Amino acid sequence: MNRRYRKTIIAGNWKMNKNPAETKEFITQLKPHAARAKWCETVLCVPFIDIPAAVKAAKNTRVFIAAQNMHHESSGAYTGEVSGEMLVSLGVKYVVIGHSERRQYFGETEDTVSQKVRAALACGLRPIVCVGESMSQREKNLTLDYVRMQIKTVFWDVDPKDVKKVVVAYEPIWAIGTGKTATAQQADEVGRAIRECIREIYGARHARSVTILYGGSMNPKNAKELLAMPDVDGGLIGGASLQCDDFVQILDAADQ
Ligand code: PGA
């Protein structure tokens with residue numbers, strides 16, 4: 001973390017879990033702890049149907065609500081989809097884009113990710129964009145090249161003034177939901193490469209301002225070590241964000 005230049009963000013990604021009543025209960029439990037975490041922004045990425053309950057429960061707190069996906073058009077004949085404008089109208093502040101599960105199961109590509117990033121920024125949402133390599137790419141020593149390619153697509157055509165609104169989540173695919181965490185050094189090495197790539201495109205000042213999260217089996221035990229690294233500015237937490245106690249311990253680890 002480097003709080004001098006950028007915000008620390010601890011984001012829980014609930015995936016397809018919890019209903020509105022459970023959402024309300026979770027946030028009620030979380031509230032007093034989030035108020036204590038002065039140094040970091042707390043974000044909950046909830047299923048679409050939980051958004052109204054989440055926004056209501058988080059009103060006047062330091063907890064921000066995110067969606068887990070959006071469509072790049074603002075409206076139209078796209079059955080089953082939800083636009084960024086619709087999310088904004090509900091009080092949503094962040095949106096996860098290009099999670100590896102969306103790439104793997106729902107056919108999202110670098111191209112759709114890039115379109116969604118620009119659409120999110122255009123309607124005032126902060127995108128949390130996921131990048132990361134598979135195990136076979138890591139074994140072939142392709143991690144840094146692959147992630148750099150992804151970062152170039154993420155930022156393609158993004159206006160310099162919007163760069164600091166983009167949150168990058170480095171999530172090695174082999175670490176998601178597997179209990180296998182990247183070491184703090186691995187997470188930091190890729191975080192540094194991501195920042196370097198942004199620096200090459202936009203210059204040092206912009207690159208410094210971007211929050212880079214680590215995601216992939218982050219939990220109360222390993223959070224402190226990961227968050228101590230200079231290019232790990234927070235976490236995108238799946239499994240360990242479903243229990244309020246675990247999530248609060250990670251928040252505490254970030255509030256060092
Ligand atoms: P995990 O998920 O913490 O359960 O590995 C992280 C994510 O998918 O964002």
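Biologist: In strand 8, which residue is the bridge partner of A11?

Modeller: In strand 8, A11 has L236 as its bridge partner. Before we go on, this is a predicted model, where local features need pLDDT of at least 70, side-chain atom pairs count only at pLDDT 80 or more, and totals for chains, interfaces and linings use all residues. Residues are numbered from 1 along each chain as its sequence is written, and side-chain values use heavy atoms, with hydrogens and water left out.

Biologist: What makes strand 1 and strand 8 a pair?

Modeller: Two strands pair if DSSP finds at least two bridges between them. Strand 1 (residues 8–13) is joined to strand 8 by four bridges. So the pair meets the rule. The two strands run parallel.

Biologist: What about strand 3 and strand 4: in which sense do they pair?

Modeller: Strand 3 (residues 63–67) and strand 4 (residues 94–97) pair in the parallel sense, over two bridges. Here A66 is opposite Y94 in strand 4.

Biologist: What do the eight strands form together?

Modeller: They form a closed barrel in the order 1-2-3-4-5-6-7-8, with parallel pairing. On average, neighbouring strands are turned by 25° against each other, direction ignored.

Biologist: What makes both faces of strand 8 count as covered?

Modeller: Look at strand 8, residues 234–237. G234 and L236 lie on one side, G235 and I237 on the other, and all are buried. Buried means under 20% relative accessible area, exposed means over 50%, and partly exposed is in between (1.4 Å probe, protein chains only).

Biologist: Why is N222 called buried?

Modeller: Its relative accessibility is 14%. That is under the limit, so N222 counts as buried. N222 is found in the loop between strand 7 and helix 10 (223–227).

Biologist: How do you know that N222 makes a polar contact with T181?

Modeller: A polar contact is a pair of N or O atoms within 3.5 Å; within protein, one must be able to donate a hydrogen and the other to accept it, and residues adjacent in sequence count only if both atoms are side-chain atoms. The side chains of N222 and T181 make one at 3.1 Å. N222 also touches S217. S217 lies in the loop between strand 7 and helix 10 and counts as buried, at 17%. Phi of S217 is near 55°, a positive value in a residue other than glycine.

Biologist: N141 has a positive phi too, near 65°. Is N141 buried or exposed?

Modeller: Its relative accessibility is 69%, so N141 counts as exposed. N141 lies in the loop between helix 6 (135–139) and helix 7.

Biologist: What class does N17 fall in, and why?

Modeller: N17 has a relative accessible area of 33%, so N17 is partly exposed. The residue sits in the loop between strand 1 and helix 1 (20–36). A polar atom of the N17 side chain lies 2.8 Å from the backbone oxygen of W14.

Biologist: And H99: buried or exposed?

Modeller: At 5%, H99 is buried. H99 is in the loop between strand 4 and helix 4 (100–105). Leaving out residues up to four places away in sequence, H99 touches N13, K15, C130, E171 and I176. Contact means heavy atoms within 4.5 Å.

Biologist: At what angle do the axes of helix 5 and helix 7 cross?

Modeller: The axes of helix 5 (residues 110–122) and helix 7 (residues 143–154) cross at roughly 40° and come within 8 Å. That makes helix 5 oblique to helix 7, because angles under 35 degrees count as roughly parallel, over 145 as roughly antiparallel, 65 to 115 as roughly perpendicular and the rest as oblique. E110, V113, S114 and V117 of helix 5 meet Y146, M149, Q150, T153 and V154 of helix 7.

Conventions: Axes fitted to C-alpha atoms, helices over the stretch in contact; angles between N-to-C directions.
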